[in-house]
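Hi everyone, thanks for coming. Have a look at the protein on the screen, and I'll talk you through a few parts of it.

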Amino acid sequence: MPSNAYISESFTEKQSFTKNLSKEDAERFVEENAGITFKNCMERTDVQEITYLANRRGEVKKLFKKISSPVTFKQKKEKNYILKEGIPVPCLIELGVMTKDGNIVSSRYDKFRQINRFLEFIDDILADVKKMCCGEDGDFNGDRPLRIVDFGSGKSYLTFAAYYFLTEIKKIPCEVFGLDLKKDVIEHCANLARKFGYLNLNFAVGDIAKYSGETSPDIIVTLHACDTATDYALKYALEHNTKAILSVPCCQHEINSQIGKNTVEENSPLAIFMKHGIIRERFAALATDAIRAELLEEKGYAVQLMEFIDMEGTPKNLLIRAVKKQNVLQVNEAVKKSSAKDSILKELGVKQTLNDII
């Protein structure tokens with residue numbers, strides 16, 4: 001086990017903080033906090049789950065549960081990822097995903113899988129984007145690099161990984177830009193980019209809804225841009241004739257906040273979705289993304305709604321992949337079929353941001 005194979009992450013209302021821990025540090029952290037700071041908590045190893053329960057008198061009880069078929073780290077490594085385990089990636093080492101020898105930090109394996117899955121989506125659309133940007137036989141070069149904007153880049157695991165993948169593995173000249181509201185996070189990412197010599201990877205503090213970059217991106221990425229932030233990112237993509245969009249929406253509260261048991265008529269076919277809060281919330285989220293997909297089709301994109309990674313990794317796992325169509329007839333047909341979203345919005349008596357702003 002590497003000396004710093006554990007990571008702790010703590011949160012305030014607006015920030016999160018990570019710290020690398022040795023095995024001894026992690027054991028000490030559990031001993032000092034399990035059942036005390038955290039009244040109920042669970043520790044999971046490769047072979048068992050340990051649940052700590054504290055009562056009102058401060059007594060801590062441990063419950064042990066054996067994992068019947070543990071997934072070993074060796075089994076996890078069998079997948080043929082774009083970024084290979086055992087090959088150190090400087091930015092992922094610095095961000096706490098890899099150790100210095102290229103092994104994956106066990107607590108960050110889900111993040112490693114998430115990064116690789118997103119890189120697969122980028123790889124899938126590169127040929128179409130290149131054709132639209134550079135012509136049938138052209139290619140990206142120093143004068144015409146591939147341009148990507150990552151809206152809501154956060155700690156920029158994906159942003160750094162995408163830049164590394166494109167420049168070091170695919171050998172594609174590119175310009176990658178990350179935008180986020182958190183000044184301290186952006187400053188940290190900018191410092192890392194300079195440290196690694198990533199000259200064409202830049203970051204800025206800004207609100208997606210107010211961003212007005214001069215260069216039109218070829219690909220726009222949003223990973224868990226919250227609620228209507230996704231809509232403003234999609235609006236920017238449409239206004240700048242972006243060739244491809246990869247968006248994993250998050251926290252689709254807008255429609256859910258407008259509907260309730262009494263907002264849909266009893267004889268409506270949608271009334272059944274309004275009875276239970278958890279169903280209503282999920283229905284509203286799915287309706288939001290279905291409407292976004294329809295709107296993108298109206299504007300000339302071939303759209304797919306896909307599973308990002310399995311539900312074990314994150315419950316926010318729906319990805320909108322949209323690639324610009326070149327066939328005018330396909331675009332016209334999409335517009336003809338777009339009335340379904342208007343019917344849904346009317347039936348629910350709600351508004352949806354992207355529908356209103358484009």
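So, which residue just after α7 takes a positive phi? That's Asn241, with a phi of about 55 degrees.

Quick housekeeping: this is a predicted model, where local features need pLDDT of at least 70, side-chain atom pairs count only at pLDDT 80 or more, and totals for chains, interfaces and linings use all residues. Residues are numbered from 1 along each chain as its sequence is written, and side-chain values use heavy atoms, with hydrogens and water left out.

Back to helix α7, residues 229-239. Helices here are DSSP runs of H or I with at least four residues, strands are runs of E with at least two, and both are numbered from the N terminus. Because 8 of its 11 residues are buried, α7 is largely enclosed by the rest of the structure. Buried means under 20% relative accessible area, exposed is over 50%, and partly exposed is in between, using a 1.4 Å probe and protein chains only. Among the buried ones in α7 are Asp231, Leu234 and Tyr236.

Zooming out, the protein has 12 helices and 12 strands, and 44% of its 358 residues count as buried.

Now for helix α9, residues 277-298, where you'll find Ile279. Is Ile279 buried or partly exposed? Its relative accessibility is 38%, so Ile279 counts as partly exposed.
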